[in-house]
Amino acid sequence: MKKLVAAIAIVLLWNACKFNADKKVLPILGSRKAVTKVVNGQIVTDTVYQTIPPIKYVNQYGDSISDKNLDGNIYVADFFFTTCPSICPVMQRNMLNVYNAFKDSTDFKIVSYTIDPQHDSVPVLKKYADKLGIGGNTWWLLQGHKDETYQVAKSYLVSVQEKNPAGEYIHDGYFILIDKKKRIRGTYDGTNPDEVKKLIADIKILKAEPVI
């Protein structure tokens, strides 16, 4: 009897290990550092990962949006400007696939930061959103101070420049996946449909991941 119980325990343990091995876990990107602290009288070392800093913006409805509005949400971020003639239209069309896949989810957002806030006023952003066919509060187009946005972009591991030698705004075309603890979990070429499909699949993986 003891041998039978032991055998069953081994089988269950093997199945549990196999399940965990087969279950994909997304990496945590960005910088990290070890922090030592005392917990219940014992010295414990934790890894602290790079996170997205506090923000304060206005969306296409004129509502104030801060990092608190993103608490408890998985979200995808990108950078754009409404007069962009090159990659932005492609990126926004691809982002619509992400929006349509998760627009009914209660714990998911998309935030698109304009890098040209002087032109991209709230009415301009609302018109742009209407043209895209997006509504509700799943996808926010955000306008804020230019310098703050450029600093925030660095936190997302994205490069933006006010103007290139030709007199145009330029920026990376990445979609950045952020988890509920505001850590970077993936970057995807927003102009590549296959990369966007991978992003959608990775969002599903992240939604199934327990928040610890």
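## Salt bridges, sheet and aromatic pairs in a predicted model

Asp179 and Arg183 are both buried, where buried denotes a relative accessible area under 20%, exposed over 50%, and partly exposed in between (1.4 Å probe, protein chains only). The structure is a predicted model, in which local features need pLDDT of at least 70, side-chain atom pairs count only at pLDDT 80 or more, and totals for chains, interfaces and linings use all residues. Residues are numbered from 1 along each chain as its sequence is written, and side-chain values use heavy atoms, with hydrogens and water left out.

Asp179 and Arg183 form a salt bridge, defined as a side-chain nitrogen of Lys or Arg within 4 Å of a carboxyl oxygen of Asp or Glu. Under this rule there are 9 salt bridges. Three of them are listed below with the separation of their closest N and O atoms.

| Asp130 | Lys126 | 2.8 Å |

Helices (H or I, at least four residues) and strands (E, at least two) are DSSP runs, numbered from the N terminus. Asp130 and Lys126 both belong to helix H3 (residues 122-132), where they are 4 residues apart, about one turn of the helix. An α-helix has 3.6 residues a turn, so residues three or four places apart point the same way. Asp130 is partly exposed at a relative accessible area of 44%, and Lys126 is partly exposed at 29%. In helix H5 (residues 193-208), Asp202 and Lys198 are likewise 4 residues apart, about one turn of the helix. Here Asp202 is buried, with a relative accessible area of 3%, whereas Lys198 is partly exposed at 39%.

Strand E5 (residues 74-80) pairs with strand E10 (residues 174-178) in the antiparallel sense over 3 bridges, and Val76 has Leu177 in E10 as its bridge partner.

Aromatic pairs number 7. Rings of Phe, Tyr and Trp (its six-membered ring) pair if their centres lie within 6.5 Å, and planes under 30 degrees apart count as stacked, over 60 as edge-to-face and the rest as tilted. Tyr57 and Tyr113 form an edge-to-face pair, at 5.1 Å centre to centre and 80° between the planes. This pair links distant parts of the chain, Tyr57 in strand E3 (residues 56-58) and Tyr113 in strand E6, 56 residues apart. Tyr57 is buried at a relative accessible area of 2%, and Tyr113 is buried at 0%. The ring centres of Tyr99 and Trp139 are 5.9 Å apart and their planes lie at 50°, so this pair is tilted. Because Tyr99 lies in helix H2 and Trp139 in strand E7, the pair ties together parts that are 40 residues apart in sequence. Both Tyr99 and Trp139 are buried. Ring pairs also link Tyr57, Phe79, Tyr113 and Tyr156 into a cluster.

Note on methods
Pairing = 2+ DSSP bridges.
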